[in-house]
Amino acid sequence: MARRYLPVNEVVEGVKEWTVLAQVVERGHVQLSRGARPVNYRCFLLTDSKGTKVSAVIYGNGIHFFVGMLMPFRRYYISSAALQKAEPRYKYVEQVPPVIPCHFELTAFENLFKFADTENLQNIQGIVMHAFPLREQGLDSTTRDLVVINQEKRPMLLILWNEFEANEGAQLANTIANNIIIAMRVKVTTFNYLSLTTRLASCLLMNPSTSEATVLRQWYDQNRQQIAQLIEEGSYKDSTKLLPPPKNNDIISVENAVSMLKNVKTAWIRENTSLAAEQRSFWYAAYSNCQKVVDSNLEWIIKCPSCREESAVEAK
């Protein structure tokens, strides 16, 4: 019987001897399952030429067998894999599925503040301009900070944790050549005014073959000197660059903020101000490197317990 070449959405239970041509969109890290008998597994996200997406999982010894296959952005013929409905927590959900070549829903840097300190994870694209040395956080965690920038000229820190630091972070640090990355499902935080950090569900795509990446590369080639100056000036920790004055439609009133801030953690508010009774000081002491509050004299040089860097104490 001739093998059947089908689109992904026609491969359902009961269909036999099928083959699909699928492109790898995401290739996750090897993880350990939770349960009485833990097993290693690796998740993938695939798409076909019609834009239909499907999750794939490889377990146990299969991980070693497929270690050199199912690489990001490459296409493969896949046949007769076991089919099952995925639990909702393992599904990849996006409103617009990518097609070949892949399309990604990306958030502009100027809109990231809207999702700060929430579990609403975002996708961003940028050029990696600098990779800091790895840092140890406690006994069993490591991090590495990357500086990423795009056409908006707002350099921002992307903090890689543990397996992201050991894999993509180490590779980027050793081959820093203005690599383009797409960071999928990263958390926006107010650390260092505004920054990004990886979570277990995150995925980093390095030098993707997309039209958006090509445009970003061309922009970088035309603005190298200006971009280098922004990085040299430390703009990735400058509030005037990370959080410039907002657009009028991004400003809300105190009345609206009271209800909105139950779900949204940060907002621009326009209102008249007045001094309350027992008003505290208008300034505080903070580490210049990461802006964490510290109870110390100004201009002291202290090793910050949070970012593990020696930093001057300054008034904020």
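Trainee: Is Trp268 buried, partly exposed or exposed?

Mentor: Trp268 is partly exposed, with a relative accessible area of 26%. Buried means under 20% relative accessible area, exposed over 50%, and partly exposed in between, with a 1.4 Å probe and protein chains only. As for the source, this is a predicted model, in which local features need pLDDT of at least 70 and side-chain atom pairs count only at pLDDT 80 or more, while totals for chains, interfaces and linings use all residues. Residues are numbered from 1 along each chain as its sequence is written, and side-chain values use heavy atoms, with hydrogens and water left out.

Trainee: How many aromatic pairs does a search of the whole structure find?

Mentor: Rings of Phe, Tyr and Trp (its six-membered ring) pair if their centres lie within 6.5 Å; planes under 30 degrees apart count as stacked, over 60 as edge-to-face and the rest as tilted. The search gives 3 such pairs. In one of them, the ring centres of Phe113 and Trp268 are 6.4 Å apart and the planes stand at 70°, so this pair is edge-to-face. It links distant parts of the chain, 155 residues apart: Phe113 is in the loop between strand 6 and strand 7, and Trp268 is in strand 15 (residues 268-269). Helices (H or I, at least four residues) and strands (E, at least two) are DSSP runs, numbered from the N terminus. Phe113 is buried at 10% relative accessibility.

Trainee: What is the geometry of the rings of Phe132 and Tyr236?

Mentor: Their centres are 5.9 Å apart and their planes are at 70°, so Phe132 and Tyr236 are also an edge-to-face pair. Phe132 lies in the loop between strand 7 and strand 8 (135-136), and Tyr236 in the loop between helix 4 (224-232) and helix 5 (239-242), so the contact ties together parts 104 residues apart in sequence. Phe132 is partly exposed, with a relative accessible area of 23%, whereas Tyr236 counts as buried at 13%.

Trainee: How many salt bridges are there?

Mentor: Side chains of opposite charge can pair when their charged atoms come close. The rule asks for a side-chain nitrogen of Lys or Arg within 4 Å of a carboxyl oxygen of Asp or Glu. By that rule the count is 8 salt bridges. One of them joins Arg185 to Glu26, with the closest N and O atoms 2.4 Å apart.

Trainee: Which residue forms a salt bridge with Lys187?

Mentor: Glu119 does, with 2.9 Å between the closest N and O atoms. The two are 68 residues apart, Lys187 being in strand 11 and Glu119 in the loop between strand 6 (75-79) and strand 7 (122-131). Lys187 is buried, with a relative accessible area of 11%, but Glu119 is exposed at 60%. Another salt bridge is formed by Asp221 and Arg224, at 3.0 Å from N to O. There, Asp221 is partly exposed at 40% relative accessibility, and Arg224 is partly exposed at 43%.

Trainee: Why is strand 11 described as largely enclosed by the rest of the structure?

Mentor: Strand 11 is described that way because 10 of its 10 residues are buried.

Trainee: Which strands pair with strand 11, and in what sense?

Mentor: Two strands pair if DSSP finds at least two bridges between them. Strand 7 and strand 11 run antiparallel and are joined by 5 bridges, with Gly126 partnered by Ile181 of strand 11. Strand 13 (residues 203-206) is antiparallel to strand 11 over 4 bridges, and there Ile181 has Met206 as its bridge partner. Strand 12 (residues 195-197) pairs with strand 11 in the antiparallel sense over 3 bridges, where Lys187 stands opposite Thr197. Strand 11 and strand 12 form a hairpin with 5 residues between them, and Asn192 in the turn has a positive phi of about 60°.
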